[in-house]
Amino acid sequence: LDFRARSRRCMVRSDRQLLRRILQNFLSNAIRYTHSGRVLLGCRLQGERVRIEVWDTGPGIPEDQQEQIFLEFHRLGQHDEQGEKCLGLGLAIADRIGRMLDHPISLRSRVGRGTVFAVTVPLGAARSEEAPAAAVLPAGRLAGLHVLCVDNEPAILEAMTLLLQGWGCRVSVAAGLADAQAAAAADAPVDVVVADYRLAQGENGIAVMDALRAQAGCRLPGILVTADHAPEVREAARRHGYQFLNKPVRPAVLRAVLDAVSRRPRVA
């Protein structure tokens, strides 16, 4: 394959590790499923944003399957060079990361002509041009913080793990109450819990964090993260003493909240 990269001299505002993960996914899929021709990585400026694209000359994706490939474990009817069914490897995770960062992911494809995957990222100013921001935390402030993430979607847990580890945090993950209690009991003491509101089997993040507090015997800090904008959910989080963040969560906001709640004194 012929691989080319066409860059632009611009800066973007994003999370370095998570954006890298999205682009690695696009490139690895393009290379794996393109038997001949070329793969191109390029950028297009679009006003205050830049669209980062990966083009390939592979078999293309049928129109009726272009939305389905972002679902977990979906298999296309095509095969790669090793005869394995194409999985759209990691596209569900890339899509989740894009939603979390508010970086739209898009796809254009024609059967027999190739595919273009793209992620659109906001432009950022050079550091020398930026005014100091009070919300920016000094490097290493979260290093060593043990965060327990509770979500029943594996892709969300993987994205959160990548983000938090990039800030130096220790990360444990759980899909629900039983897993969370086991993780809290088996590992070093948990410093902060980040839980989705709607979990599997009728569980919810507030009840899970309450149970973890009872297990720890102290007022364990917690952050409720949810796409549910209902006022009663926000109010319930406030009554139980948890921070509330709506999805998609901006990394800078999550980092600032983590720093704030982790520094509060715990009481029994």
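Predicted model: local features only at pLDDT ≥ 70, side-chain atom pairs only at ≥ 80, totals over all residues.
Visitor: In what order do the strands of the open sheet stand?

Guide: The order is β8-β7-β9-β10-β11, with parallel pairing. Strands are DSSP runs of E with at least two residues, and helices are runs of H or I with at least four, numbered from the N terminus. Two strands pair if DSSP finds at least two bridges between them.

Visitor: Which strands stand at the edges?

Guide: Those are β8 (170-174) and β11 (243-246); each has a single partner strand, so one side of each lacks a neighbour in the sheet.

Visitor: How many bridges join β9 to β10?

Guide: Four bridges join these parallel strands. V194 has I223 in β10 as its bridge partner, and A195 has L224. On the other pairing, β7 and β9 are parallel over four bridges, with L148 opposite V193.

Visitor: Which way do its residues point?

Guide: V192, V194 and D196 point one way from β9, and V193 and A195 the other way. In a regular strand, side chains alternate between the two faces of the sheet.

Visitor: Changing topic, what is the volume of the second largest pocket?

Guide: The volume is about 380 Å³. A pocket is an open set of points on a 1 Å grid over the protein atoms alone, where a 1.4 Å probe fits, with protein on both sides within 12 Å along at least five of seven lines. Grid points are joined across faces, edges and corners, and the volume is the space filled by probe spheres set on them.

Visitor: Which residues are closest to its centre?

Guide: Of the 21 lining residues (an atom within 4 Å of a point), the closest are D151, I156, D196, V225 and K247. Among the elements supplying at least two lining residues each are β9 (192-196) and β10 (222-226).

Terms used. Residues numbered from 1 in each chain as written. Heavy atoms only, no water. Buried < 20%, exposed > 50% of the residue type's maximum accessible area, 1.4 Å probe, protein only.
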